[in-house]
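Here is a friendly note to read with the structure open beside you. Take the points in order, and look for each residue as it comes up.

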Amino acid sequence: NTNSTEIQSAIQKVALSCWQRRATNDEINTIETMVNQNTASMNNNGKTSALLICTAMLASYKSYEM
């Protein structure tokens, strides 16, 4: 199972890579909530969480601004 600290760390790493900046607390909370809601009914494993984080962040408007 993926815990909150692991999710937040992954979000920051993807933010630095994708957005060239750290994610704000609001961005972290939004993405973490989305991951938790979508993995609640599935087998909450690292692969599912990682896929959801990457999909959400790469689909964001900020990704297209770069």
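The points below go from the overall layout to single helices and then to single residues.

1. **The overall layout.** Please keep in mind that this is a predicted model. The protein has 4 helices and 0 strands, and its pattern along the sequence reads α-α-α-α. There are 66 residues, of which 33% count as buried. If you take the contacts between residues at least 6 apart in sequence, 52% of them join residues at least 24 apart.

2. Helix H2 runs over residues 25–39, which makes 15 residues. From first C-alpha to last, H2 reaches 21 Å, close to the 21 Å expected at 1.5 Å a residue. Which residues of H2 are buried? They are Ile28, Ile31, Glu32, Val35 and Thr39. These residues cover an arc of only 100° around the axis, so they sit on the same side of H2.

3. **Glu32, a charged residue on the inside.** Although Glu32 is buried, it has no salt bridge. The nearest side chain of opposite charge is that of Arg22, and it is 12 Å away. A salt bridge needs the nitrogen and the carboxyl oxygen within 4 Å. What does Glu32 touch, leaving out residues up to four places away in sequence? Its contacts are Ser4, Ile7, Gln8 and Ile11.

4. **The salt bridge.** The structure holds 1 salt bridge. Arg21 forms a salt bridge with Glu27, and their closest N and O atoms are 2.7 Å apart. Is Arg21 buried, exposed or partly exposed? Its relative accessibility is 25%, so Arg21 counts as partly exposed.

5. **Helix H3, read in the same way.** H3 has 13 residues. It reaches 18 Å from its first C-alpha to its last, close to the 18 Å expected at 1.5 Å a residue. The buried residues in H3 are Thr48, Ser49, Leu52, Ile53 and Met57. Their arc around the axis is only 150°, which puts them on the same side of H3. The face of H3 turned away from its buried side carries Lys47 and Leu51, both exposed.

6. Cys18 has 15% relative accessibility, so it counts as buried. Cys54, with a relative accessible area of 32%, is partly exposed.

7. **Ala15 and its neighbours.** Ala15 lies in helix H1. Its relative accessibility is 0%, so Ala15 counts as buried. Not counting residues up to four places away in sequence, Ala15 touches Gln20, Arg21, Arg22, Ala23 and Met57. Cys54 is 39 residues from Ala15 along the chain, yet their C-alpha atoms are separated by 9.4 Å.

8. **Lys13, on the outside of H1.** Lys13 is another residue of helix H1. Is Lys13 buried or exposed? At 59% relative accessibility, Lys13 counts as exposed. In sequence, Lys13 and Ala23 are 10 residues apart, while their C-alpha atoms are 8.9 Å apart in space.

9. **Gln20 and its backbone angle.** Gln20 is in the loop between H1 and H2. With a relative accessible area of 52%, Gln20 is exposed. Its phi is near 60°, a positive value in a residue other than glycine. This is worth checking on the model because most residues other than glycine have a negative phi.

Key: Residues are numbered from 1 along each chain as its sequence is written. This is a predicted model: local features need pLDDT of at least 70, side-chain atom pairs count only at pLDDT 80 or more; totals for chains, interfaces and linings use all residues. Side-chain values use heavy atoms; hydrogens and water are left out. Buried means under 20% relative accessible area, exposed over 50%, partly exposed in between (1.4 Å probe, protein chains only). Helices (H or I, at least four residues) and strands (E, at least two) are DSSP runs, numbered from the N terminus. The expected span of a helix is 1.5 Å times one less than its number of residues. The arc is that of the directions from the helix axis to the C-beta atoms. Lys and Arg count as positive and Asp and Glu as negative; His and the chain ends are not counted. Contact means heavy atoms within 4.5 Å.
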